[in-house]
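Hello,

Here is the structure we spoke about handing over. My notes follow below it.

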2 protein chains.
Amino acid sequence: MENLTGACIIGQSGGPTAVINASAAGVIQTALKADCITRVLGAAHGIKGVLEDKLYDMSQEDPAELELLKHTPSSALGSCRYKLADPDVDDTDYKRILEIFQKYNVRYFFYNGGNDSMDTCNKISKYMQKVGYACNIMGVPKTIDNDLNGTDHCPGFASAAKYIATSVAEVWQDAHVYDTGMVTIIEIMGRHAGWLAGSAALAAVSGCAPDLVYLPETDFDMNEFLESVKAIYNKTGKCLAAVSEGIHYADGTFVSEAKTSATDGFGHAQLGGLAAMLADQVKQATGAKVRGIELSLLQRCAAHCASATDIEEAWKAGAAAVEAAVSGVTDKMVAFKCSREGGYTCETVLEPLDIVANFEKKVPREWINAAGNGVEQPFIDYVLPLIQGAANAPTEQSMPRFAHLKKVLTTEM
Amino acid sequence: MENLTGACIIGQSGGPTAVINASAAGVIQTALKADCITRVLGAAHGIKGVLEDKLYDMSQEDPAELELLKHTPSSALGSCRYKLADPDVDDTDYKRILEIFQKYNVRYFFYNGGNDSMDTCNKISKYMQKVGYACNIMGVPKTIDNDLNGTDHCPGFASAAKYIATSVAEVWQDAHVYDTGMVTIIEIMGRHAGWLAGSAALAAVSGCAPDLVYLPETDFDMNEFLESVKAIYNKTGKCLAAVSEGIHYADGTFVSEAKTSATDGFGHAQLGGLAAMLADQVKQATGAKVRGIELSLLQRCAAHCASATDIEEAWKAGAAAVEAAVSGVTDKMVAFKCSREGGYTCETVLEPLDIVANFEKKVPREWINAAGNGVEQPFIDYVLPLIQGAANAPTEQSMPRFAHLKKVLTTEM
């Protein structure tokens with residue numbers, strides 16, 4: 001393995017999380033201390049910042065503000081949803097990235113993101129190997145969706161799960177206040193994996209378990225749903241259902257599909273409005289008072305309710321990426337290997353970028369109940385250790401004190 | 001003034017808040033210690049519990065669980081939206097209430113609620129005076145809407161305001177992550193008063209001020225709104241607008257009105273879906289990517305993000321009601337008298353129920369900017385002291401630990 005000396009670039013990509021900046025802090029703080037890293041550059045809006053030569057000099061930042069990144073939600077350097085072409089078809093972007101890498105003598109590249117970002121990271125890594133440009137390239141995982149392959153779980157997931165479970169518990173309390181009937185439907189993020197929707201079931205720890213939980217791992221049947229709601233409602237006068245935005249019929253059609261036709265940069269359908277639509281269906285079928293609640297962006301940016309475990313692990317993932325890279329490792333993603341036997345432990349390991357990119361890790365079918373409308377105990381046992389610990393996020397005048405970065409663009413080569 | 005000896009009833013009514021149970025704890029814990037109060041009874045679902053003779057014996061509860069009420073959102077005894085008739089037209093309910101009061105020798109009645117609940121409390125108070133039944137009757141204020149007359153502010157408002165401001169700050173972070181355009185519209189509760197919507201502006205403390213804030217105190221103009229959004233969006237690529245669910249056109253029609261025709265027990269229109277509707281309008285007018293977010297029930301039950309000041313004041317309001325009643329006071333509501341000169345102070349005072357009931361306190365016009373799309377500094381100065389202090393709500397396995405009440409129905413006279 002080569003011991004390279006040169007600059008590093010850290011980029012953030014994809015949807016924000018409550019702790020993605022904790023990973024950035026892990027990379028930046030560790031890289032600033034590494035002897036072989038001559039400069040630490042932050043890419044403005046992920047790979048777009050590299051392509052556009054918009055790079056921040058992270059050594060200009062106040063160390064106290066970098067520390068506050070641990071409690072600052074969203075992507076402090078800016079994010080993007082930019083899909084690199086297949087280099088065999090169009091290598092324009094790759095040539096440009098190489099040009100920038102050469103311009104600043106970039107020998108370390110850290111890319112912090114989810115599935116699509118690991119694909120970007122993998123493509124750049126393979127291209128640099130192909131053209132023989134020595135650069136250690138590491139993926140730092142993040143995604144609230146928790147669907148990355150090769151890791152026990154993903155930084156960002158636990159904080160979103162904790163916010164969802166806490167909110168479901170609180171809404172449960174609210175929904176049970178009147179002695180009149182009430183059905184509540186809570187829509188939760190997660191296109192193809194039900195990790196977040198399933199986490200609603202953690203409200204059971206507070207004695208506020210949702211009655212029904214629907215994950216995208218099983219096919220949704222509108223009649224079964226309406227009959228299940230009706231049965232619970234008729235028996236108890238209440239029903240609280242948590243549904244993934246990605247629930248779909250047996251033919252693969254999203255239940256929410258009729259509501260929107262827009263797609264994002266990766267061709268994914270933009271979902272939303274499902275809770276309102278299901279509420280309408282339930283109202284028609286039962287005559288009950290129904291409320292549809294969409295947790296929307298709140299669930300991925302609620303730093304005030306973050307998991308301390310998640311913050312710490314997210315930071316460690318960033319730090320481990322730098323430590324591995326400066327020791328000569330490349331073409332890997334930092335992953336977590338965890339044990340839940342006799343207390344929770346979590347260590348960082350390295351996985352090849354190939355096996356991570358573009359696979360979506362789903363909730364095992366056996367962790368979902370037979371009826372497909374709830375999760376089993378192993379699911380709870382998996383998630384619960386991850387949400388432990390209060391964030392204790394710094395405040396000023398009792399409002400969140402987020403990091404203020406100067407973001408000084410570098411012009412020097 | 002008479003020093004009465006007998007039972008007391010505490011009832012909760014109207015929409016829940018994060019701290020309404022802190023007031024209940026203040027009443028119950030103080031009443032359990034009062035010599036002249038022989039029994040402490042909790043009405044199941046407010047005045048309905050009195051009418052139906054469903055009363056819990058609060059002395060059966062574990063004191064540690066009563067203490068946890070301070071951090072348990074929603075109404076632990078159950079709530080109702082039950083409107084008492086004008087006693088001159090139909091006194092059936094009043095006769096029944098008197099019968100129950102006589103059955104249990106109820107000499108103290110505490111009613112914890114908002115505008116409609118203070119009306120209920122006032123009617124019962126006046127009826128008992130008219131029929132000469134000695135009973136000290138006190139209102140304990142609560143409402144996230146902060147629209148009660150005769151008090152500086154209402155318990156419950158500050159915690160909702162804090163949750164709203166914190167969420168707006170976090171969403172602001174999220175909405176500014178991409179370098180592509182984005183308009184975000186956040187719908188906030190408050191039918192006729194803009195205290196909650198205006199509180200979105202507190203996100204400025206975190207450096208995340210919303211661009212536009214619309215309160216129901218001014219008339220809404222769709223063209224002005226769309227032009228304002230467009231101007232900000234064209235200049236910055238982003239726009240974050242906070243809107244009250246109660247915004248209305250100059251003729252009084254709710255902007256959301258076309259979306260729903262349902263009404264609650266008091267004849268109020270049930271609002272909702274406004275954010276989605278405005279998002280659609282903005283999308284059509286600007287072509288921008290737009291997200292509509294409805295804070296929904298989350299904002300009134302987020303005990304995990306409650307204001308410590310609010311919790312403490314809510315408890316004190318309940319305690320003060322009992323202290324006043326046992327000293328012979330009746331027909332009053334506990335109110336807050338506050339000073340913000342040289343540090344915030346708050347003391348409890350007593351106001352006649354007449355002047356409280358059925359008036360809705362609005363945000364002063366001079367606290368709203370001339371254009372009617374933002375709030376002025378005096379508004380911020382008014383709200384900011386109220387949200388101070390972290391709730392430090394108890395948890396078990398990092399999930400909320402809510403109070404578990406036994407709710408033992410009493411059968412003894």
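In this predicted model, the copies meet through the same surface, because 100% of the interface residues of chain A are also interface residues in chain B. The contact joins 51 residues of chain A to 51 residues of chain B. On the side of chain A that touches chain B, the elements giving two or more residues are α6 (157-175), β9 (290-294), α10 (298-301) and β13 (399-400) of chain A. Of these, α6(A) gives the most, with nine residues. By class, that side of chain A has 23 nonpolar, 19 polar and nine charged residues.

On symmetry: chain A is superposed on chain B by a rotation of 180° with 0.0 Å of shift along the axis, at an RMSD of 0.0 Å. The relation is therefore that of a two-fold axis. E294(A) has the C-alpha nearest the axis in chain A, 3.7 Å from it.

Within chain A, one helix pair was examined. Helix α1 (residues 20-33) of chain A packs against helix α11 (residues 308-326) of chain A at an angle of about 40°, and their axes are 7 Å apart. α1(A) and α11(A) are therefore oblique to each other, and α1(A) passes α11(A) in a right-handed crossing. Residues making the contact include A22(A), A25(A), G26(A) and T30(A) of α1(A), and I311(A), W315(A), G318(A) and V322(A) of α11(A). The contact of α1(A) with α11(A) comprises twelve nonpolar, four polar and two charged residues.

Regards

Conventions
Residues are numbered from 1 along each chain as its sequence is written. Chains are lettered from A and ligands numbered from 1 in the order in which they are written. This is a predicted model: local features need pLDDT of at least 70, side-chain atom pairs count only at pLDDT 80 or more; totals for chains, interfaces and linings use all residues. Two residues are in contact if their C-beta atoms, placed from the backbone, lie within 7 Å. Helices (H or I, at least four residues) and strands (E, at least two) are DSSP runs, numbered from the N terminus. Ala, Val, Leu, Ile, Met, Phe, Trp, Tyr, Cys and Pro count as nonpolar, Asp, Glu, Lys and Arg as charged, and the others, Gly among them, as polar. Axes are lines fitted to C-alpha atoms, for helices over the stretch in contact, and angles run from 0 to 180 degrees between N-to-C directions. Angles under 35 degrees count as roughly parallel, over 145 as roughly antiparallel, 65 to 115 as roughly perpendicular and the rest as oblique. A crossing is left-handed if the near helix is turned anticlockwise from the far one by less than a right angle, and right-handed if clockwise. Copies are superposed by least squares on the C-alpha atoms of residues with pLDDT of at least 70 in both.
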